[in-house]
Amino acid sequence: MKHVTHRLHPAQIRRQWIFSTLYLAGGAYLLYRGSLFPMNVRTAAVMAFGVLLIIGGLLQVRGAFSSVSFDEREIWWTGALGSRKRFAWADITNVEVGKNRSRPDSGDVVRVTHWEHGDFKLPAVIGMPGAWRDPDFETKAADVIAAWRAATATSEPAV
């Protein structure tokens, strides 16, 4: 198996850029408006919310560059917070497709379960509902699951 990398679908990347622009503009506006008034509790709260919006906007930008890569030995990904995870397939106990939240209208995600570190949602293999849905989600999810099955089938001891 060769090295495979999955990224967000172009519509999902556009969504990330749209929301990042809105968050950054809203945060900048609140910081600007807050700077026009004398500092009190209300002004401080507005400015703190502006800072949170700016942080959210930067996370949306970072999320646009998330990716999931794998080969026959391991899987690794870069998430929205800039976190990087790398696990050998032998350390993964399960790979499955599930809902992002318990609501039936939430998007689909691929979850990997590490034997020691628990569950992780893969950042770039996301089946969002509606117009933002990646039409290749099922193929991407099947690629990850097939790679895990192939890697764990060969690593089991022969009986």
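Q: What volume does the largest pocket have in this predicted model?
A: Its volume is about 800 Å³. Of the 29 residues that line the largest pocket, Asn100, Val109, Lys121, Pro123 and Ile126 are the closest to its centre.

Q: Which element supplies the largest share of the lining of the largest pocket?
A: Strand 7 does, with five residues. Helix 1 (10-35), helix 2 (41-63) and strand 7 (118-127) each give at least two. By kind, the lining residues divide into 13 nonpolar, ten polar and six charged.

Q: How many aromatic pairs does a search of the whole structure find?
A: The search finds six.

Q: Why is the pair of Trp17 and Phe65 called edge-to-face?
A: The ring centres of Trp17 and Phe65 are 6.0 Å apart, and a pair needs centres within 6.5 Å. The planes stand at 85°, and over 60 degrees counts as edge-to-face, so the pair is edge-to-face.

Q: What makes Trp17 partly exposed?
A: Its relative accessible area is 39%. Buried means under 20% and exposed over 50%, with partly exposed in between, so Trp17 is partly exposed.

Q: Why is the pair of Phe70 and Trp89 edge-to-face?
A: The planes of Phe70 and Trp89 lie at 70° and the ring centres 6.2 Å apart, so the pair is edge-to-face. Phe70 is in strand 2 and Trp89 in the loop between strand 4 (84-88) and strand 5 (92-99), 19 residues apart. Both Phe70 and Trp89 are buried.

Key:
Residues numbered from 1 in each chain as written. Predicted model: local features only at pLDDT ≥ 70, side-chain atom pairs only at ≥ 80, totals over all residues. Heavy atoms only, no water. 1 Å grid on protein atoms, 1.4 Å probe; cavity = no way out; pocket = protein on both sides within 12 Å on 5 of 7 lines; lining within 4 Å. Points joined across faces, edges and corners; volume = space filled by probe spheres on them. Helix = DSSP H or I, 4+ residues; strand = E, 2+ residues; numbered from the N terminus. Nonpolar A, V, L, I, M, F, W, Y, C, P; charged D, E, K, R; others polar. Phe/Tyr/Trp six-rings, centres within 6.5 Å; stacked < 30°, edge-to-face > 60°. Buried < 20%, exposed > 50% of the residue type's maximum accessible area, 1.4 Å probe, protein only.
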